[in-house]
Amino acid sequence: MFDNMTEQQAREQILGMVKSYCDKYHAPKEYTKGSRIPYASRIYDSDEMTNLVDSSLEFWLTSGRYTDEFEKKLSEFLGVKYCSLVNSGSSANLAAFMALTSPLLGERAVKRNDEIITVAAGFPTTVTPMIQFGAVPVFVDVTIPQYNIDVSMLEKAYTSKTKAVMLAHTLGNPFDIAKVREFCTSHNLWLVEDNCDALGSKYIIDGKEYFTGTVGDIGTSSFYPPHHMTMGEGGAVYTNDPLLAKIVRSFRDWGRDCVCRSGCDNMCGHRFDRQYGDLPLGYDHKYVYSHFGYNLKATDMQAAIGCAQLGKLPLFVEKRKENFRLLKNILMSEQDRLILPESCENSDPSWFGFLLTCREGVSRNKLVSYIESKGIQTRMLFAGNLTKHPCFDEMRATGTGYRIVGSLENTDRIMNDSFWVGVYPGMTQQIIETIGQVIKEALNDCCE
């Protein structure tokens, strides 16, 4: 088939066939009444598929040219200096937190038994790295209907052991970044923004607009299929601090001291003439380890998909906002039975989902069961109250390993009474209207 072709001609023919295949067999299916409505799904076309095959034809497999392109383009989109692609959002949180433990940070380094202020109403892997390292998460309550940290509790949570604040922007709704940053600055604390559910959200501070994830010392993203954009599995860590960027890369790449990219040697020009630790003079710098790291790299095939997705991200964000507004308008008449979500002041959320809390007399379990029976997928706000889960059994029994400041009243309310439905870009106006109508039907059925 390729006998009279150059490699480039053969590649172009293959990619042309891939495009035709995708256009024919992966075209979006139109919604028909009664079809299942997932809370999220992948939105893609032949751009992603041809990029994927293009990368696979090179058979480089690990991070390469598409990874470099993705890191550059995401940095440009967010307006940050440094971006490191990793294999998941959870790995991004791991690398971000562990970067704060580096001895290179001197007195500001997080050490075992130091405290990190966070919330229990969220996804576990925002907190997991703290516990695994031996730091102490300090949980404070959240507000309803913003579902983010109650900033009035920050000073009450602070002690001489506090080293950082690490929080997620809940379902795309930014937490009060201005007040959290002010608190962190006043106490010389690190701020890590878990931006995994909020890519494209914006926040205004002193008249200047920022993307969430770029205000704190480190931001993280996830590219799991339901998220704002996808590469299957994948995540990113970004910062404007060159030292933190170097440390993040070290933890991502086995803990090594060398900054050479895969396939590159001796970028520093001192591969064989330096002294490190108690190693012999001139030990190969590519095999010098300054941290106890991991291998958290993504593949170039994932990055190839991400490069195509990034071009669509602004449209994805606007569609999420549009779907959120439409659903909220439909449900405005139900505020006597449901608490509707509200954005944080001075923010422009890129909504990940539409979060609802049942008022007194409305059973969430009955409501959700009815909605699911009509083919509409629902989700809880992740862990609800993370401290109630089996992973905390031993710590609860001993009363060690974490602290709770005040009560987690709203966190427990969310655990018992809240759920959410999707607003992802693949949802048409008809689908959003169907979701709204079914929720109204469910309320009438469950409240009689």
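E76 and K72 lie four residues apart in helix α3 (residues 65-78), so about one helical turn separates them. Helices here are DSSP runs of H or I with at least four residues, numbered from the N terminus. The two side chains form a salt bridge, with the closest N and O atoms 2.6 Å apart. A salt bridge is a side-chain nitrogen of Lys or Arg within 4 Å of a carboxyl oxygen of Asp or Glu. The structure holds 26 salt bridges.

The model is predicted: local features need pLDDT of at least 70, side-chain atom pairs count only at pLDDT 80 or more, and totals for chains, interfaces and linings use all residues. Residues are numbered from 1 along each chain as its sequence is written, and side-chain values use heavy atoms, leaving out hydrogens and water.

**Exposure of the helix α3 pair**
- E76 and K72 are both exposed.
- Exposed means over 50% relative accessible area, buried under 20%, and partly exposed in between (1.4 Å probe, protein chains only).

**R396 and D393**
- R396 and D393 join in a salt bridge, at 2.3 Å from N to O.
- They are three residues apart in helix α11 (residues 393-398), so about one helical turn separates them.
- R396 is partly exposed, at 34% relative accessibility.
- D393 is partly exposed too, with a relative accessible area of 40%.

**R65 and E58**
- The side chains of R65 and E58 form a salt bridge of 2.6 Å, N to O.
- R65 is partly exposed at 41% relative accessible area, and E58 is partly exposed at 31%.

**A network**
- Salt bridges link E71, R249, R252, D253 and R256 in a network.

Definitions and conventions: Helices (H or I, at least four residues) and strands (E, at least two) are DSSP runs, numbered from the N terminus.
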